[in-house]
There are 2 protein chains.
Amino acid sequence: MATIKDVAKEAGVGLGTVSRVLNNHPSVSKDKRKKVLTAVKKLGFVPNEAARTLKTQTRQMVALLIPTTDNPYLSKIAYYVEEELFNRGYKMMLCNNHAQVDKELSYLTMLRRNKIAGIIGITYNDIESFIQTNIPIVSIDRNIGNDIPCVAADNLKGGEMACHVLLEKGCTKLAFLGDRTSKNSEVKERERGFLNAARERGFDVLNYSNIEVQGPLHEHSEFIDGFLDQMDEVDGVFCISDLLAAAFIKRARQRGYRIPDDLKVIGFDGIQDNSFFHPVLSTIRQPVEFICKRAVDILLQKIEDASFQTGKTLIPVAFVEGETT
Amino acid sequence: MATIKDVAKEAGVGLGTVSRVLNNHPSVSKDKRKKVLTAVKKLGFVPNEAARTLKTQTRQMVALLIPTTDNPYLSKIAYYVEEELFNRGYKMMLCNNHAQVDKELSYLTMLRRNKIAGIIGITYNDIESFIQTNIPIVSIDRNIGNDIPCVAADNLKGGEMACHVLLEKGCTKLAFLGDRTSKNSEVKERERGFLNAARERGFDVLNYSNIEVQGPLHEHSEFIDGFLDQMDEVDGVFCISDLLAAAFIKRARQRGYRIPDDLKVIGFDGIQDNSFFHPVLSTIRQPVEFICKRAVDILLQKIEDASFQTGKTLIPVAFVEGETT
């Protein structure tokens with residue numbers, strides 16, 4: 001098999017140039033790039049990573065079952081899970097379940113009949129009964145059952161953190177704004193952490209989260225208005241997600257609140273990668289990359305050793321200061 | 001095989017309730033939901049969609065080769081391609097290539113050795129030489145070669161549209177701000193459409209796009225500053241992407257420009273799904289859902305009939321008014 005040295009020799013360029021072309025580095029002239037790619041083709045050169053793949057011949061497939069990739073937090077999960085699987089020699093099949101039991105069951109049925117090495121899943125549906133425990137599964141964000149390992153951000157600590165930040169910033173009346181997706185999921189811990197920390201420090205919390213919210217977020221104005229109507233003297237709000245925080249801030253501003261002057265708001269997730277769009281939210285950031293790495297790691301351990309057992313793994317979160325506290 | 005009626009009878013509920021549980025509709029009591037799921041499990045009921053899957057036994061796999069899903073435009077592509085493939089009875093394997101030739105080649109090598117029905121790809125690398133034409137391929141956004149169908153937004157019309165909007169809004173000195181990813185891709189047509197339309201109407205354009213930009217967008221401040229230094233009397237700017245528009249607007253405001261009063265800015269893509277974050281960009285929106293549907297449609301025609309030929313398919317774009325024009 002041709003080596004990178006053979007390619008450099010054939011193309012009449014240095015090793016560094018070949019490497020830069022293979023890594024798509026822009027500082028290579030068109031001419032040299034062409035020479036390298038011609039040599040690669042002529043010699044049938046296969047880069048290192050691909051060569052490693054060839055050794056294992058066919059890679060095994062892992063299915064990622066998530067509601068959608070059309071969401072900034074979940075699309076990051078798809079990205080990092082795929083990256084880690086690839087690095088560990090696996091392929092990833094993407095299964096968007098649209099948060100619908102019907103599609104999810106359909107995928108699970110299909111996965112049972114296909115040769116799937118394992119499943120990594122984020123699901124908010126009651127699908128426990130359909131999961132075949134003979135396929136290794138790792139759950140992200142939700143504790144599905146005793147035998148299925150779960151990897152999640154340390155939501156409890158995140159909730160506590162949000163409370164401490166608001167109190168340190170001088171807030172005296174706190175509120176929690178949640179939504180129904182938090183049910184049956186680790187996400188519920190955010191609420192618990194926030195309420196616990198407030199109670200410990202002697203503060204009451206207006207808890208506005210026991211309402212069933214349907215449909216996409218931009219239709220939540222009635223829900224948010226209901227909260228604003230009850231808010232009274234509240235000066236610090238912890239929202240269960242960044243998107244809900246953003247929707248709430250928009251409506252609160254329309255109703256005359258100045259943020260952060262009158263009202264400080266903290267979200268959860270960390271969906272903003274840049275500071276181009278405002279408000280830049282103050283938020284508890286989920287370490288998506290580590291959550292995914294750990295989930296893949298546990299899944300591969302289960303694939304290699306069916307008797308491998310582990311419970312819930314919590315990954316530390318961090319407060320990121322934005323413009324809203 | 002048990003039907004939905006059997007499930008309703010076993011659970012002692014109506015057909016509507018079973019359907020609502022399977023579609024995860026929230027207006028079902030916990031008690032009824034549990035009864036339905038118990039009945040589903042007991043009878044081994046498989047929903048319609050899953051039943052359809054069973055008929056075809058094993059679904060074929062299509063690979064989606066894209067730089068990353070950690071980008072709002074590309075994560076939408078992953079979402080819509082998967083959805084359309086699923087509806088048409090196919091599975092999707094996600095291959096993030098990180099815009100690196102090395103990883104892309106590795107994936108292509110792997111795909112050749114696996115049973116893949118076809119590939120849908122967005123690639124900005126020079127990988128033509130590695131593509132095996134015996135696997136059906138459809139390209140999104142980029143014209144890879146004569147034999148490979150390409151589906152793209154009507155970038156040329158989009159560029160023209162941006163020019164007309166800026167002129168109608170009263171701009172008299174126009175500029176185009178591009179970046180290197182536009183090379184070798186349909187994206188280049190945005191520039192051409194904008195320049196053509198301006199020329200036809202007798203306007204000059206300051207074209208600032210022939211610069212090699214490296215690294216993530218937030219590090220582009222030098223590039224953007226270079227443009228701002230040369231801008232002079234420019235009062236209308238068309239940016240090649242929404243993210244570049246957002247980065248440019250941030251820096252322009254820091255340097256004292258009022259947008260849209262002093263300067264009107266149009267982006268391209270349509271990455272904002274809500275109006276929670278500002279600026280809400282005026283932009284030429286790519287109809288991602290139709291691009292993906294069409295790409296899948298063409299790929300499946302090629303899979304079913306190897307002699308099927310089609311060239312470039314352009315999908316119409318639309319101007320969406322935001323806060324920046």
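Let's start with a cluster of charges: Glu84(A), Arg88(A), Lys293(A), Arg294(A) and Asp297(A) are linked in a network of salt bridges. A salt bridge here is a side-chain nitrogen of Lys or Arg within 4 Å of a carboxyl oxygen of Asp or Glu. Side chains of opposite charge can pair when their charged atoms come close.

Before going on, a word about what you're looking at. This is a predicted model, in which local features need pLDDT of at least 70 and side-chain atom pairs count only at pLDDT 80 or more, while totals for chains, interfaces and linings use all residues. Residues are numbered from 1 along each chain as its sequence is written, chains are lettered from A and ligands numbered from 1 in the order in which they are written, and side-chain values use heavy atoms, with hydrogens and water left out.

Lys293(A) forms a salt bridge with Glu84(A), and their closest N and O atoms are 3.2 Å apart. This pair links distant parts of the chain: Lys293(A) sits in helix H11 (residues 288-304) of chain A, Glu84(A) sits in helix H5 (residues 72-87) of chain A, and 209 residues separate them. Helices and strands, by the way, are DSSP runs numbered from the N terminus (H or I, at least four residues, for a helix; E, at least two, for a strand). How exposed are the two partners? Lys293(A) is partly exposed, with a relative accessible area of 44%, whereas Glu84(A) counts as buried at 10%. Buried means under 20% relative accessible area, exposed means over 50%, and partly exposed is in between (1.4 Å probe, protein chains only).

Arg251(B) is partly exposed at 25%, and Asp225(B) is buried at 17%. Another salt bridge joins Glu289(B) and Arg285(B), with the closest N and O atoms 3.3 Å apart. Here Glu289(B) is partly exposed, at 23%, and Arg285(B) is partly exposed too, at 30%.

Now for the cysteines. A disulfide is a covalent bond between the sulfur atoms of two cysteines. Counted as a pair of cysteine sulfur atoms within 2.5 Å, how many disulfides turn up over all chains? The search finds zero. Take Cys95(B): the nearest cysteine sulfur belongs to Cys95(A) and is 14 Å away. Cys95(B) is also buried, at 0% relative accessibility. The sulfur of Cys171(B) has its closest cysteine sulfur in Cys163(B), 9.6 Å away, which is too far for a bond. Cys171(B) is buried as well, at 3%.

Next, follow the backbone through a few loops. A cis peptide bond, with omega about 0°, joins His278(A) and Pro279(A). Pro279(A) lies in the loop between strand S9 (264-269) and strand S10 (282-285) of chain A. In chain B, the peptide bond from His278(B) to Pro279(B) is cis, with omega near 0°.

Asp141(A) has a phi near 75°, a positive value in a residue other than glycine. Its place is the loop between strand S4 (137-140) and strand S5 (150-153) of chain A. Asp232(B), also not a glycine, has a positive phi of about 50°, and is found in the loop between H9 and strand S8 (236-239) of chain B. Which of them is buried, and which exposed? Asp141(A) is buried at 2%, while Asp232(B) is exposed at 59%.

Let's finish on a helix. Helix H7 (residues 155-168) of chain A has 14 residues and reaches 20 Å from its first C-alpha to its last, close to the 20 Å expected at 1.5 Å a residue. That expected span is 1.5 Å times one less than the number of residues. The buried residues of H7(A) include Gly158(A), Ala162(A), Val165(A) and Leu166(A). After H7(A) comes Gly170(A), whose phi is positive, near 95°.

Methods:
Disulfide = S-S within 2.5 Å.
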